[in-house]
Amino acid sequence: MAVGASSVTVPPGPGDSPGPGRERGGGGPRGSGTVPWPAVLALLPLGLLAAASYLGRYVRPSADEWCFLPVVRDEGISGLIGKFYFTDNGRVGNGLLVGLYAKFPVAGHQWYAAVSGVLMLGLLWALTAHLLRRAGQSVPRGVPLLVASLITAVFLFATPNTYKTFYWPAASVSHTLAPVLACAAALPLLRARGRRGRITALAVVLAAGVFMGTLSEEASVVALVVLSGVVLFAPLFLTARVRTFARVWSLLGMAGVALGTLLLVTSPGSRNRRERYGAETASMLSPDTLIASLRGYVRILETVLTTWQYAGALAAGVLLGLLATRAAPGAGRGVLLPCRPLLLTGLVALAFLVSGYLCTVITYPVFGPRVVTAARTWNDYLLLYVLLLVAAGAFLGRALRVRGVRTGAVTGLAAAVCAVTVLGLAAPLYELGHDMRVRAQKWDRQDRWLRERAAEGAKVLPYKPVSVSGMLEPFSANGTRIWPAQCVADYYRVDKVTRGTRLP
């Protein structure tokens, strides 16, 4: 289909509004019956997300989840929340989300990818559409969906370990879903109209901050850095009419995060965790730890900056900048000052670099040098990196359009990069899907055998580790790592499991 084709047949994205000469939320003249090419292009990342969600049927419990499942089965979600608060880590918000999927044992793990994927895509789609509306920009139909779907795909699948990012629910709720939920807290702010809307936005950001503080320490750090940036630099990009309220909103969000973090760090579970890992504040802020964290962070940045698939986010931003036009007068309602792309891009880049380093600092006492390979802990600030690339691409596309550059070739190139990115993400996902399917078959076979023997009255049973993508299993590392063998025994209601050498 030719670039620039328009449509009125594709449903509008959330937040789309009519512009001059357009159908509601659309990009073409009234009465046009063709499908907009951005919506067609969006089918590629959407198809990838659908395929990845389908592969979720091969997810089976592993690692920490062996320990979560017996608690939820015997004591319910409240029992797991209590265990987190009093024993494990203090993350009561985390315990709630974990309990919601662990309530449905294996099925919860199988459906987690699909449910979380749809949720993240929907939130990012809504956020994109409302940001464009607040900025007074009008785009053809399908563009917000295209941008959101590429952000989601790149964020989930460009990581070195997609399984731990997307399919392992215990890690996803802490480091993948958490930053998206933090972004979603801005939706009431973007939608606020009148006094009631502003009060709602303030209440939501306060509650979201408290929840985030008890869900993920790393996502909380990123939120604090971004919100403090709004407070400090609001005069550089927001008009006086909204500046004060934006600062109040940000300060209230920061207060919520502080309250949630205080609840977490003062919990018995958090104290137990710090003692278990020797992760006291003094050691975290020691010069040796700070320097080691910086070295680790530089190595993380080397990996991230050389991962070519992130170019898809930049290309999506270029398309956004090329296709966006000023909406009807007053559509932006005087929210933003005249565009200063270099300044805004620099501020977002600074927020990414600072928050990434701080996240590395707070995780280093637990992971040590392994922080360089614990890619799931990067996701809290990698979403900010992906958003930075989209913003930079949008400013670039806008600059080319404003300067009258012939944009046809640029549009085609950017669309091609988006397509190639999706294909580049699909190949590793296919290989991972094969590994997951093999593991699921072995896991199910052993699961049936263990349940049958336990039903017959056996109290000690052999268990052979069945792992995928570096996930921990009992008796890994040639049998030297026993954890979480006792949790497996609890799951099957036996006294003990021993190291098995072959599958039943």
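Predicted model: local features only at pLDDT ≥ 70, side-chain atom pairs only at ≥ 80, totals over all residues.
Trainee: What makes Cys67 and Cys487 a disulfide?

Mentor: Their sulfur atoms sit 1.9 Å apart. The cut-off is a pair of cysteine sulfur atoms within 2.5 Å. The pair of Cys67 and Cys487 is therefore a disulfide. The structure holds 1 disulfide.

Trainee: Why is the disulfide of Cys67 and Cys487 called right-handed?

Mentor: Look at the torsion about its S-S bond. For Cys67 and Cys487 that torsion is about 90°, so the disulfide is right-handed.

Trainee: Which parts of the chain does the pair link?

Mentor: Distant ones. Cys67 belongs to helix α2 (residues 65-88), Cys487 to helix α20 (residues 485-491). The two are 420 residues apart.

Trainee: How do you know that Cys183 is in no disulfide?

Mentor: Check the nearest cysteine sulfur. For Cys183 it belongs to Cys359, and it is 13 Å away. A disulfide needs sulfurs within 2.5 Å, so Cys183 is in none.

Trainee: Why does Cys183 count as partly exposed?

Mentor: Buried means under 20% relative accessible area, exposed means over 50%, and partly exposed lies in between. Cys183 has 21% relative accessibility, so partly exposed is the label.

Trainee: What about Cys418: how do you know that it is in no disulfide?

Mentor: The nearest cysteine sulfur is that of Cys183, 20 Å away. With the cut-off at 2.5 Å, Cys418 is therefore in no disulfide. Cys418 has a relative accessible area of 2%, so it is buried.

Trainee: Why is Arg493 called exposed?

Mentor: Its relative accessible area is 56%. Exposed means over 50%, so Arg493 qualifies. Arg493 sits in the loop between α20 and β4 (496-499). Leaving out residues up to four places away in sequence, Arg493 touches Arg73 and Asp74.

Trainee: Now the rings. How many aromatic pairs does a search of the whole structure find?

Mentor: The search finds 16 aromatic pairs. One of them is Trp66 with Tyr492.

Trainee: Why is the aromatic pair of Trp66 and Tyr492 called tilted?

Mentor: The centres are 6.1 Å apart, and the planes make 45°. Rings pair if their centres lie within 6.5 Å, and planes under 30 degrees count as stacked, over 60 as edge-to-face, the rest as tilted. Trp66 and Tyr492 therefore form a tilted pair. Trp66 lies in helix α2 and Tyr492 in the loop between α20 and β4, so the pair ties together parts that are 426 residues apart in sequence. At 0% relative accessibility, Trp66 is buried. Tyr492, at 5%, is buried as well.

Trainee: What makes Tyr163 and Tyr167 a tilted pair?

Mentor: The centre-to-centre distance is 5.9 Å, with 35° between the planes. Stacked means under 30 degrees and edge-to-face over 60, so Tyr163 and Tyr167 are tilted. Being 4 residues apart in helix α6 (residues 162-167), they are separated by about one helical turn. Tyr163 and Tyr167 are both buried.

Trainee: Which residues do ring pairs link into a cluster?

Mentor: Tyr297, Tyr310, Phe352, Tyr357, Tyr381 and Tyr385.

Trainee: Last one. Why is Leu350 called partly exposed?

Mentor: Its relative accessible area is 44%. That falls between 20% and 50%, so Leu350 is partly exposed. Leu350 lies in helix α17 (residues 341-367). With Val354 and Leu358, Leu350 forms a nonpolar surface patch, with about 220 Å² of accessible area together.

Note on methods: Residues numbered from 1 in each chain as written. Heavy atoms only, no water. Patch = residues over 30% accessible without salt bridge, like charges linked within 9 Å, V, L, I, M, F, W, Y side chains within 5 Å. Areas by Shrake-Rupley, 256 points an atom, 1.4 Å probe, with all protein chains shown as cover. Salt bridge = Lys/Arg side-chain N within 4 Å of Asp/Glu carboxyl O. Buried < 20%, exposed > 50% of the residue type's maximum accessible area, 1.4 Å probe, protein only. Contact = heavy atoms within 4.5 Å. Phe/Tyr/Trp six-rings, centres within 6.5 Å; stacked < 30°, edge-to-face > 60°.
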